[in-house]
Amino acid sequence: MRCLILALLITVAPAGLAETPLTVAVAANFRPTLEDINARFSAQTGHPVRLSSASTGVLTHQVMRGAPYHLFLAADAAAPALLHDEGLGLRPFCYATGQLALLGGPLSQLEAPGLGLDLAIANPDTAPYGQAAMDVLNLKGTQPQRLVRGNNVLQAYQYWRTRTVQMALVSKSLAGEAGIAIPAKWHRDLQQHALVIKDHPNLNAYLEWLRSDTVRQLILDSGYLPCP
């Protein structure tokens, strides 16, 4: 009987470990797209994926403090590179190139003296899209009536959606058809990189799915550009 119980434990244990969710830290701009990607992955494989979302700066701080993430999808290339230089994870790789978009008016309004409207952006201290938005405002000399800073780009978008502000500079993926794409030369690069932090039984299958043609098309359809 003792041998039988041991044999059952050996047989069951790997399957039990495989059911522990793969945990992905994802930048707020990419969360809606990744939710769709993950739903299809789980439907095909039965493997659960757990998400944790915030600005790239906040997630980077959490990773440095030992947060139990297996994979980090940042909104820039700098944060994964920094973590890798600190000895964390494998070599980062690009998974999407982001675009910045204006909501609430034409691009010409950014150049109007004294904008006279409230405008929301992500916090440039922690969010790459907020830093890119500040690049645009500084380049064009835009002076909103009130500059509202969200904790991340998703919150900045929600300020516009709920009419807390009249305009917003957010990711094209969140703005959708309502957003006017900002020329890339107006702001810093928004190439988004991923960092594998630690192993998981389902990680290889998930990375293969993330790099598949199906997912690449989903990412493009969400308002992103291909990686160079």
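**Close-up views of a predicted model**

**View 1. A left-handed disulfide.** The torsion about the S-S bond of Cys94 and Cys227 is about -85°, so this disulfide is left-handed. The two residues belong to distant parts of the chain, 133 residues apart. Cys94 sits in strand S4 (residues 93-97), while Cys227 lies in the segment after helix H9 (213-221). Their sulfur atoms are 2.1 Å apart. The cut-off for a disulfide is 2.5 Å, and the pair falls within it. The count for this predicted model is one disulfide. A disulfide is a covalent bond between the sulfur atoms of two cysteines.

**View 2. Accessibility of the two cysteines.** Cys94 has a relative accessibility of 23%, so it counts as partly exposed. Cys227 is partly exposed too, with a relative accessible area of 28%. Partly exposed covers the range between the buried limit of 20% and the exposed limit of 50%.

**View 3. Strand S4 and its partner S10.** Four of the five residues of S4 are buried, so the strand is largely enclosed by the rest of the structure. S4 runs antiparallel to strand S10 (residues 191-196), and four bridges join them. Within this pair, Ala96 stands opposite Gln192 in S10.

**View 4. An open five-stranded sheet.** The strand order is S7-S6-S8-S5-S9, and the pairing is mixed. Strand S7 (146-150) and strand S9 (180-181) stand at the edges. Each has a single partner strand, so one side of each is left without a neighbour in the sheet. Inside the sheet order, S8 is written between S6 and S5. Strand S5 (residues 100-103) and strand S8 (residues 167-171) run antiparallel, joined by four bridges. Leu102 stands opposite Leu169 in S8. In a regular strand the side chains alternate between the two faces of the sheet.

View 5. Helix H5 (residues 128-140) has 13 residues, which at 1.5 Å a residue should span 18 Å. Its end C-alpha atoms are 19 Å apart, which agrees. Buried residues in H5 include Pro128, Tyr129 and Gly130. Also buried there are Ala132, Ala133, Met134, Asp135, Val136 and Leu137. An α-helix has 3.6 residues a turn, so residues three or four places apart point the same way. Gly141 follows H5, with a positive phi near 65°.

Note on methods: Residues are numbered from 1 along each chain as its sequence is written. This is a predicted model: local features need pLDDT of at least 70, side-chain atom pairs count only at pLDDT 80 or more; totals for chains, interfaces and linings use all residues. Side-chain values use heavy atoms; hydrogens and water are left out. Two strands pair if DSSP finds at least two bridges between them. The expected span of a helix is 1.5 Å times one less than its number of residues. Buried means under 20% relative accessible area, exposed over 50%, partly exposed in between (1.4 Å probe, protein chains only).
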